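Here's a quick tour of one protein model.

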Amino acid sequence: MNVSGILFENTVIHSKFLQREVKIDFYFPKYPGSFSEISLLLINDGQNMKELGLINILENLYSGNSIRPILCAGIHAGHERKMEYGTAIQSDYLGRGAKAGLYTSSITQEVLPFINKKFHRFHFTEKAFAGFSLGGLMALDIVWNYPLEFNKAGIFSGSLWWRSLDHTHDEYEDELHRIMHQQIKKGKFTPGLKFFLTTGSFDETHDRNKNGIIDSIDDTIALINELGSLGYKNEKDIRYINYEDGRHDIATWARAMPEFLKWGWGK
């Protein structure tokens, strides 16, 4: 289907790992000539792309000759979203994310091979993964653990608080129990890997360490610091935007999406 210069297709594949059907929506520019070189961007919570206004965002950017060609693949979440999204290495303290490893396997062993076959005429110059909230955490987890497959992560209000122990527990410590931070702390620098992160000052009201900064921002800055300790540099490898009036909602992420796309694929 052609919508204002953006080609839209959708498909459903069966995932043996998740034991369910996975719906994927594809968005790419209707350009004359060859698509010999194009980037691939996977997006979690693909069911929200209409509300996000992705087609209009892409149309505006292409019309302004602002970005290079991208094949966007919006992967719809399943009914067990809170079990399938998370970190593959372990569940959180309530057992959420228990199927994140299976979701990761579905992406790497089913979704990517399907896309490569379906769009065999394309040569993907690079691959990226983005997501919102818990979907942002999942996107980051996959990019971090598959740096030879992906080279960019887009994390919009990511659930970076994801922890192995409840913060009300007497033994809880940020430095020990935030799962994604621990992965990065124990990881290594991969040249070419880049990160785009956003928060909103109204993402939430929680402030577990009582420092006057909401947890969403604290956790994001702490993660950026962990990346920095491995050698990733601000601006060069990391872009962080906080929206002072931003909330934990699709409207805020819709504002951030063009910035992410220009950051990642700007001409």
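**Quick briefing**

Ile6 counts as buried, at 0% relative accessibility (buried means under 20% relative accessible area, exposed means over 50%, and partly exposed is in between, using a 1.4 Å probe and protein chains only). Before going further, keep in mind that this is a predicted model: local features need pLDDT of at least 70, side-chain atom pairs count only at pLDDT 80 or more, and totals for chains, interfaces and linings use all residues. Residues are numbered from 1 along each chain as its sequence is written, and side-chain values use heavy atoms, with hydrogens and water left out.

**Ile6 and its strand**

- You'll find Ile6 in strand S2 (strands are DSSP runs of E with at least two residues, helices are runs of H or I with at least four, and both are numbered from the N terminus).
- Ile6 and Ile155 are 149 residues apart in sequence, and their C-alpha atoms are 24 Å apart in space.

**The nonpolar cores**

- The largest nonpolar core has 48 residues (a nonpolar core is a set of buried Ala, Val, Leu, Ile, Met, Phe, Trp, Tyr and Cys residues joined through side-chain atoms within 4.5 Å).
- Helix H5 (residues 134-145) gives this core its largest share, eight residues.
- A second, separate core has 32 residues, including Ile43, Ala256, Phe260 and Trp265.
- Back in the largest core, the residues with the most contacts inside it are Leu42, Leu71, Ile115 and Phe195.
- Not counting residues up to four places away in sequence, Leu71 touches a whole list of residues, among them Phe26, Tyr27, Phe28, Ile115 and Phe119 (contact means heavy atoms within 4.5 Å).

- Helix H2 (residues 54-63) packs with helix H9 (residues 250-265) at an angle of about 40 degrees, and their axes are 10 Å apart (axes are lines fitted to C-alpha atoms, for helices over the stretch in contact, and angles run from 0 to 180 degrees between N-to-C directions).
- That angle makes H2 oblique to H9 (under 35 degrees counts as roughly parallel, over 145 as roughly antiparallel, 65 to 115 as roughly perpendicular and the rest as oblique).
- On the H2 side, Leu54, Ile57, Leu58 and Leu61 meet Ala254, Met257, Pro258, Leu261 and Lys262 of H9.
- The residues of this contact between H2 and H9 divide into eight nonpolar, no polar and one charged (Ala, Val, Leu, Ile, Met, Phe, Trp, Tyr, Cys and Pro count as nonpolar, Asp, Glu, Lys and Arg as charged, and the others, Gly among them, as polar).

**Residues in loops**

- Leu18 sits in the loop between strand S2 (6-15) and strand S3 (20-29), and Leu18 is buried, with a relative accessible area of 7%.
- Leaving aside neighbours within four places in sequence, Leu18 is in contact with Glu84, Leu102, Tyr103 and Ser106.
- Asp45 is in the loop between strand S4 (38-44) and helix H1 (49-52), and its relative accessible area of 3% makes it buried.
- Phi of Asp45 is near 55 degrees, a positive value in a residue other than glycine.
- Ser157 lies in the loop between strand S7 (152-156) and helix H6 (174-177), and Ser157 is buried at 2% relative accessible area.
- Phi of Ser157 is near 50 degrees, a positive value in a residue other than glycine.
- Pro147, in the loop between H5 and S7, is partly exposed, with a relative accessible area of 26%.
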